[in-house]
Amino acid sequence: MSAATTRSRTPDRLCAEAVDLARAAAEEAAAPGVVGEHVGLLAEGDRVVTHYFECKELGYRGWRWAATVARASRAKIVTLDEVVLLPGPDAVLAPEWVPWSERLRPGDMGPGDLLPTDAEDLRLEPGYTGEDDPRLQPGYFDATEPTPNSPLSEDMAELVEAEDAEVTAAPPASLPTTPRRGTIAAVAEELGLRRARVLSRYGLHTAADRWEEAFGAKTPMAQAAPATCVSCGFLQHIGGSLGQAFGVCANEFSPADGRVVSLAYGCGGHSEAAVMPKPPQPAPPVIDETRVDPFPLRPAADSGSVPAGASDEEAAELGHS
């Protein structure tokens, strides 16, 4: 290996220090504001160094502005060689694929969009598992009612459905779906448990965390509020376990109107924060009917600035004609 090749691997000190020269050249060649931070340098040869700057141009992720500087042998002045826009190591590579379920953010769904939920969604759990159904317990037998798992149950259910069928004019898509008889869904339907899945404990906790972060006790509005929502008359309580810590704001002038708020939240629209005083009522007018106040219809003769009986010359001196 020659000495020149060994020296070319070590950046020249003066060329490596010429970062300002390289940046000025890159900013002159690029649009304003698209040249970012200095991200490194590379020794191209003996006394030849390329400086790399981050590219902030939209659509050029991972690209870099490359400004090459050089100096002559035994010279102390560094000159500019060229400025180009080059792709970085990961510029021409596609970003790592992310499933749509992880890319979706709150507010992305618009009118007409359908958002399917995974069957194993941790936020949901079965609304009715059938664990409390006596017909599903081992040893249950009723001669008048076949068990759901017996071969007779399905045939009898189809026969009953055929006998009770009604012809309607509505299309099938608009008709309500009825669970098959003898299934867990049918039992849940009879008990009034019409939802297939409900919020799990994880779903309740994540919802509570979101609501607490948006309208909770640590928000700037709550820190400056005169009182909390738990004593506000505009708070509407909700049912379930979440009702112990949250409610719905019904004050149209509040920033949380129609939102789920924490009971520890508060704002300046608290119903008892400031009671508006009643406007003062003026005293009724007093009329004295025992005497008569004279009211002249014409002004008195001596009420003006010109004395009565004054001549024209005297009136002219007072500014009257």
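# Close-up views of a predicted model

Figure 1. Within helix 7, the residues Gly-203, Thr-206, Ala-207 and Ala-208 are buried. The cover over the buried residues of helix 7 includes strand 6 (197-199) and strand 8 (246-249).

Figure 2. Thr-219 belongs to the loop that lies between helix 7 and helix 8 (220-223). Is this residue, Thr-219, buried or exposed? Its relative accessible area is 10%, and because the cut-off for a buried residue is under 20%, Thr-219 counts as buried. When its neighbours within four places in sequence are left aside, Thr-219 is in contact with Glu-213, Ala-214 and Tyr-265.

Figure 3. Strands in the order 7-8-9 form an open sheet, and their pairing is antiparallel. Strand 7 (235-237) and strand 9 (260-262) are the edge strands of this sheet, each of them pairing on one side only. On average, and with direction ignored, neighbouring strands of this sheet are turned by 50 degrees against each other. Between strand 7 and strand 8 the antiparallel pairing extends over three bridges, and within this part of the view His-237 stands opposite Gly-247 in strand 8.

Figure 4. Four strands, in the order 1-2-3-4, form an open sheet in which the pairing is antiparallel. Strand 1 (35-45) and strand 4 (79-87) stand at the edges with a single partner strand each, so one side of each has no neighbour in the sheet. From one strand to the next, the twist of this sheet averages 20 degrees. Strand 2 (residues 48-55) and strand 3 (residues 63-70) are paired in the antiparallel sense over seven bridges, and Tyr-52 stands opposite Ala-66 in strand 3.

Figure 5. Helix 3 (residues 19-29) lies across strand 1, strand 2, strand 3 and strand 4, and runs at about 115 degrees to strand 1. Which residues of helix 3 are buried? They are Ala-22, Ala-25 and Ala-26, and seen down the axis of helix 3 the buried residues fall within an arc of 100 degrees, so they line one face of the helix.

**Figure 6. The whole protein, for orientation.** The protein contains nine helices and nine strands, and buried residues make up 21% of its 321 residues. Among the contacts in the protein with a separation of 6 or more, 50% are accounted for by residues 24 or more positions apart. The accessible surface of the protein comes to about 24400 Å², and 56% of that surface belongs to carbon and sulfur atoms.

Conventions: Residues numbered from 1 in each chain as written. Predicted model: local features only at pLDDT ≥ 70, side-chain atom pairs only at ≥ 80, totals over all residues. Heavy atoms only, no water. Pairing = 2+ DSSP bridges. Helix = DSSP H or I, 4+ residues; strand = E, 2+ residues; numbered from the N terminus. Axes fitted to C-alpha atoms, helices over the stretch in contact; angles between N-to-C directions. Contact = heavy atoms within 4.5 Å. Buried < 20%, exposed > 50% of the residue type's maximum accessible area, 1.4 Å probe, protein only. Areas by Shrake-Rupley, 256 points an atom, 1.4 Å probe, with all protein chains shown as cover. Arc of directions from axis to C-beta.
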